[in-house]
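Welcome! Let us take a walk through this structure together, one step at a time.

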Amino acid sequence: MTSPGVDRGITTAGTALPLRSGRRAIAVPALTTAASLLGLFLLWSFAAEAWPSRAFPPPGQVWQVLYNDTASGELPYHLGVTLGRVAAAFVVAMVIGSIIGVLLGVHRRADQFFNPWVVLFLNIPALVIIVLAYIWFGLNEAAAIGAVAVNKIPNVVVTMREGARALDPRYAEMAAVYRFGPLDRLRHILLPQLQPYLAAASRSGVALIWKIVLVVELLGRSNGVGFQIYLHFQLFDVAAILAYTLAFVAIMLLIELLLVQPVERHATRWRRRPA
Amino acid sequence: MQPVGVAVPLRVDIAEKTFRSAEGVPVTALHDLSFEVRQGEFACLLGPSGCGKTTTLRILLGLDTDFSGSFQLPQGGSNRIAVVFQEPTLLPWRTVEQNVRLALPKGMRNAKLDWLFDSLGLAGMRSLFPSELSLGLARRAALARAFATEPAVLFLDEPFVSLDEQTAERLRYLLLEVWSARPTTALMVTHNLREALMLSDRIIVLSPRPAHVLGVFDVRLPRHYRNRQVMSDLLRSFHEKFPHAA
């Protein structure tokens, strides 16, 4: 640092502008989101007021159910069970799907052979896989999680196959010359290059998996959010159905906000800095 | 078996290397290519663009095994080879320092590399990501990675191409400085005759494709004597010996 004065000048000038526009860039979408949610809430209250019906409860009634079930511990229990299934199915689908996808992306002949299988599995309805899994493997936890994972695996395979095709051979050659070990290759060469594809697969994965988990629970489990919704469906208790749904959506959004986005920001930190 | 302590040269003896073009037509890239680089010597592989210099290097690096012939790499030190590619080929998701250390064997990962970063002018940039470096600085980081491994042989594939002449010249001096501190057998591919005359102990002159060795030009003068006057004399005698090359 030969000229600290000049240097400081550059940094302050450089950060002052983005900071101001940065705050605005965060505040404006946040306000828009809040206004949008408030609008939905008002519309719902108004509609429930205008057409009072047991099948269409106002927000206050849903909140009451949410509060009571949370206090009794019932809601947290079922949410936890469902979240556990989502997590298990997610991990299984991502690991197996990534391995298959990368192998297919790297080996062209294998890809040509297995591609019809992938297309077939992509197009089997989730319900069919769930029903078959319960028939073949019984109404148990492994069948439930396996069925959800099998639904998701073809999607992961397709995304990760694209990722493996886009691998840059120059990094692999560099690693070969400098004799990287297999673990170093995985950690420093392969995974960083696949990171955008892993991120894409996991984002769409979480969204898909939690919806399928509810169906699995509805069809063959005796706990979880899906089972609760089925139970309240039989009682035509719409307030409870909405309470469980909203609670679960809120949890999934929180996970996205507090877990997925920070992890992604950390993984792409080398990208965002200007050259 | 070589007796212990005897310097093993880099010996290359490639009978033939052919490519298949997209239409399946065989193209001979190398034919009867043989040369030797003595232990601790800095040699240049000089030839016109597209003559097969990089192909030769890829064979020596073990990245291309589909050829007939043989070669022998120098032994000693860490018994490793190091390379500076045409592109810096730094991992964009790792810092400069991580890039350098990852190339080291597990036991050497924590070695002190201050002298290396200092002499290449990278001392303040160890924690930067490659995207924050200019091409010239990225090239220096690639040089640092190559020298950090203390290789038994160092390969350089036109490491100063597509830089402005001033930056390239500075990097050449930096390369000489670091190399002189720890001389290792080095083979650099280039089509720049001036660069070759400035850096090397011997220049191996290749023919156009299919490449074979036209001859060897030894520069015995120590590098610090190679001033402008001497360089033009060297150029003249090179052109007398190889009137059609470069």
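Two residues are said to be in contact when their C-beta atoms, placed from the backbone, lie within 7 Å. Keep that in mind as you look at chain B of this predicted model. Of the contacts in chain B with a separation of 6 or more, 74% join residues 24 or more positions apart.

What does the secondary structure of chain B come to? Seven helices and nine strands. The C-alpha trace of chain B spans about 45 × 45 × 45 Å along its principal axes. A compact globule of 246 residues would have a radius of gyration near 18 Å, and chain B, with 18 Å, therefore agrees with that expectation. Of the 246 residues in chain B, 37% are buried.

Now turn to where the two chains meet. Here 14 residues of chain A are in contact with 18 residues of chain B. On the side of chain A that touches chain B, the elements that give two or more residues are helix 7 and helix 8 of chain A. Helix 7 of chain A gives the most, with six residues. By class, this side of chain A has eight nonpolar, one polar and five charged residues.

Those two helices also pack against each other. Helix 7 (residues 169–177) and helix 8 (residues 182–220) of chain A have axes 11 Å apart and an angle of about 175° between them. Angles over 145 degrees count as roughly antiparallel, so that is how helix 7 and helix 8 of chain A lie to each other. Helix 7 of chain A brings Tyr171(A), Ala172(A) and Ala175(A) to the contact, while helix 8 of chain A brings Arg185(A), Ile189(A) and Gln193(A). By class, this contact has four nonpolar, one polar and one charged residues.

Note on methods:
Residues numbered from 1 in each chain as written. Chains lettered and ligands numbered in written order. Predicted model: local features only at pLDDT ≥ 70, side-chain atom pairs only at ≥ 80, totals over all residues. Axes fitted to C-alpha atoms, helices over the stretch in contact; angles between N-to-C directions. Helix = DSSP H or I, 4+ residues; strand = E, 2+ residues; numbered from the N terminus. Parallel < 35°, antiparallel > 145°, perpendicular 65-115°, else oblique. Nonpolar A, V, L, I, M, F, W, Y, C, P; charged D, E, K, R; others polar. Rg over C-alpha atoms; globule rule 2.2 N^0.38 Å. Buried ≥ 20, exposed ≤ 12 C-beta atoms within 10 Å, placed from the backbone.
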